[in-house]
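Thank you all for coming; I would like to walk you slowly through one structure this morning.

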Amino acid sequence: MPLETIIAGVMVASLVLYALLGGADYGGGVWDLFAFGPRARAQRTLIAEAISPVWEANHVWLILVVVILFTAFPPAFAAIATALHIPITLVLIGIVLRGTAFTFRTYDVQRDDVQRRWSLVFSIASLITPILLGTTLGAIASGTIRFENGTLMSGFFRSWIVPFPFAVGFFALALFAFLAAVYLTVEARERELQEDFRMRALVSGVAVGLLALTVFILAKTGAPTVRAGISRSWWALGLHLFTAIFAVGAFVTLWTRRYWLARVCAAAQVTLILLGWAFAQFPNLVEPDITISSAAAPQITLELLLGALAAGAILLFPSYYYLFRIFKAE
Amino acid sequence: MEDLLAARSQMAMSLAFHIIFAAIGIAMPLLMTIAEWKWLRSKDEIYLTLAQRWAKGTAILFAVGAVSGTVLSFELGLLWPNFMGYAGSIIGMPFSLEGFAFFTEAIFLGIYLYGWKRVPPRAHLFAGAMVAVSGALSGIFVVIANAWMNAPTGFRIVDGKPLDIDPIAAMLNPAAFSQTLHMTLAAYAATGFVVAGIHAFMLRRDANNRFHRAALAIALLVGGVSAILQPLSGDTLAKSVARTQPVKLAAFEGHFETERGAAFRIGGIPDEAAGVTHYSIEIPYLLSILAYGDPNAVVKGLNDFPASNRPPVAIVHVAFQVMVGCGVAMMLVSLWAAWRYIRGRRNQKWLDSKWFLRLLIVAAPLGFIAIETGWVVTEVGRQPWIINGVMRTSEAVTPMPGLIVPFLTFTILYIFLAAITVWLLLRQVAASPRDPEPKPMEARLAA
């Protein structure tokens with residue numbers, strides 16, 4: 001397998017990990033916004049405790065995706081950053097507001113009105129950022145970003161202010177909220193709190209299903225090549241089958257309150273959805289013109305980067321495991 | 001506002017904002033770890049309180065630094081896509097290493113901040129040390145990438161495209177060592193001085209507070225040692241600039257005429273149209289000595305470079321003067337502190353001087369003024385190039401119109417964040433802890 005394909009694979013893996021870990025942190029913010037009922041305060045506390053020690057580390061997966069993209073595929077990074085300047089800028093504003101408001105809330109006066117104000121900034125940013133992030137990815141998949149001789153022909157709006165990327169955005173939001181709710185059922189100590197997040201997981205799980213269908217329908221005109229990849233190639237059937245099995249599995253285990261299994265199913269489901277997208281788009285990095293091989297950096301850069309990624313992984317995973325064992329075991 | 005200017009302003013503003021948090025993110029973990037180490041060694045509770053107090057401040061500052069750093073990693077492409085398209089494969093390497101250093105930093109900071117009760121004391125101290133080391137490494141990797149923009153190596157240009165790329169040679173560019181050394185010391189010196197200044201201020205009101213005395217000693221140790229070493233690293237860096245960017249060196253000095261045995265200028269206002277620097281104090285031969293180690297060396301003047309390749313001289317010269325002035329002042333303060341410490345450490349009287357504390361308060365912001373002006377010197381001094389001698393900043397900018405909008409948006413956002421951060425830190429600082437009452441360890445750690 002050519003090096004650039006392996007590195008593109010590592011990039012997709014980082015994106016999957018960002019969705020599973022960082023995505024769930026956004027989802028936590030969404031449930032902070034929709035905390036209600038007699039245990040609203042307990043819900044918020046649980047969310048904050050779950051996110052606090054890990055969100056900054058989880059957030060680095062996104063940085064890793066960007067760094068791999070601009071080191072291994074510089075022209076693709078330049079093209080995406082040019083064509084999607086506006087949604088990416090909005091994502092960044094969301095990331096800044098989400099992270100700072102969350103930290104400020106922890107260290108500001110513990111008075112209700114002050115706390116509520118920061119909660120609002122934190123949770124609204126957590127709601128909007130995934131939509132914009134998904135919109136950005138949807139635009140990359142849509143095939144509407146066009147360059148001619150290095151000049152952007154498709155404008156700064158046309159590729160993302162259309163239904164398909166926004167549907168992907170809402171789909172991403174639903175996935176993140178679903179993941180967070182499922183994870184929180186495992187983290188909740190009291191049974192009633194578990195029930196709260198179980199309900200939320202089931203509702204957002206339904207939303208995931210409906211939005212998946214919407215994305216698929218809109219892709220017919222919104223992202224025809226990726227849709228063709230998803231629905232026609234030989235591996236597609238198997239992939240759909242497994243995604244469906246895990247989706248149903250997540251529902252069944254949530255229904256029967258086997259939360260730990262539900263977490264595995266939900267994570268597997270999200271992983272398969274992202275892999276399905278990646279495979280359907282392969283070998284294009286930015287539909288339809290920029291491919292993995294056309295954008296690849298010279299061999300030596302790829303070799304060194306892969307070496308750095310391998311060495312970094314050896315350092316990273318034990319530390320990451322240690323972090324999660326400290327705060328997420330029990 | 002023209003789009004290129006807006007893009008440059010947004011980049012400058014983002015960097016100027018982020019560098020404060022980045023520098024603190026490098027140095028504060030070291031201070032916390034020293035305090036915690038002293039606690040473990042001496043069992044003196046005051047050091048535990050100190051480590052925990054500093055950790056709270058660091059948590060706030062780190063969060064702002066992490067998100068503003070994320071913004072920068074995207075802005076490289078949002079504002080300068082042609083630069084990243086050209087240079088990504090050459091200097092992506094230090095950024096990917098930085099990615100892992102930052103990962104390590106974030107992981108162990110999580111353990112440090114939230115793990116007081118969950119991991120054994122030694123593991124906790126180790127987490128602090130990991131944050132300190134990986135924080136310093138993150139900074140070093142990013143500055144290596146910047147050094148490459150000043151002294152690009154590791155490739156050959158054929159038909160306007162980079163060929164024969166060697167990312168290792170790019171990382172080992174001639175500016176890398178002196179620039180990373182200079183910035184790392186700057187981070188320790190600037191943070192040490194601010195922290196020392198804050199605790200000196202508290203000691204002025206509460207002279208015998210052991211908490212503030214302990215804090216001041218650690219901050220001044222880290223800041224002072226760095227401030228004393230900093231002029232040496234500055235000298236190394238100036239010599240490297242003389243070799244790799246002679247026009248930048250001439251701009252530092254407002255040096256227009258090529259001469260043998262060139263004088264070093266203190267102060268002065270460069271008049272670019274007339275090609276002279278007015279009202280400066282000149283020390284004969286010193287510039288030749290500082291730049292080339294030879295009193296009779298020829299220092300090329302700005303007039304011998306084409307006007308289209310010169311940076312804006314006045315800004316660079318003034319910023320350079322301010323940076324050097326701050327650095328020298330910090331070195332002198334540190335030497336005085338060292339002298340007081342050596343003479344007065346046994347009777348613990350070295351901090352009992354009204355004037356010494358007042359001076360520390362006044363000197364508190366100098367390090368950050370030096371960092372900000374120093375980056376002006378580096379970045380404006382490299383203009384009109386984004387990659388020195390290879391790509392002009394105007395060639396790198398995005399075709400996106402209306403860049404004034406994101407510039408103003410981020411400016412307002414960052415002013416807001418700065419105000420909140422300052423307010424929250426003041427809240428943390430406001431109360432001086434007394435000597436803690438003897439309480440069982442569990443209760444203390446739970447606090």
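This is a predicted model: local features need pLDDT of at least 70, side-chain atom pairs count only at pLDDT 80 or more; totals for chains, interfaces and linings use all residues.

In chain B, among contacts between residues at least 6 apart in sequence, 76% join residues at least 24 apart, a contact being two residues whose C-beta atoms, placed from the backbone, lie within 7 Å. Residues are numbered from 1 along each chain as its sequence is written, and chains are lettered from A and ligands numbered from 1 in the order in which they are written.

Of the 447 residues of chain B, 54% count as buried, meaning that 20 or more other C-beta atoms, again placed from the backbone, lie within 10 Å of the residue's own. The C-alpha atoms of this chain fill a box of roughly 70 × 45 × 40 Å, taken along the principal axes.

Turning to the core, A:Leu179, B:Ala23 and B:Leu31 touch the most other members of the largest nonpolar core, which has 279 residues; such a core is a set of buried Ala, Val, Leu, Ile, Met, Phe, Trp, Tyr and Cys residues joined through C-beta atoms within 7 Å. Leaving aside residues up to four places away in sequence, B:Ala23 touches B:Ala186, B:Ala187, B:Ala190, B:Thr191 and B:Ile371.

Finally, in chain A, helix α9 (residues 224-232) has the buried residues A:Val226, A:Arg227 and A:Gly229, helices being DSSP runs of H or I with at least four residues, numbered from the N terminus. Seen down the axis of α9(A), these residues fall within an arc of 160°, so they line one face of the helix, the arc being that of the directions from the helix axis to the C-beta atoms. They pack against α6 (112-142), α8 (191-222) and α11 (259-281) of chain A.

Conventions
A residue is buried if 20 or more other C-beta atoms lie within 10 Å of its own, exposed if 12 or fewer, and partly exposed in between; C-beta atoms are placed from the backbone. Helices (H or I, at least four residues) and strands (E, at least two) are DSSP runs, numbered from the N terminus.
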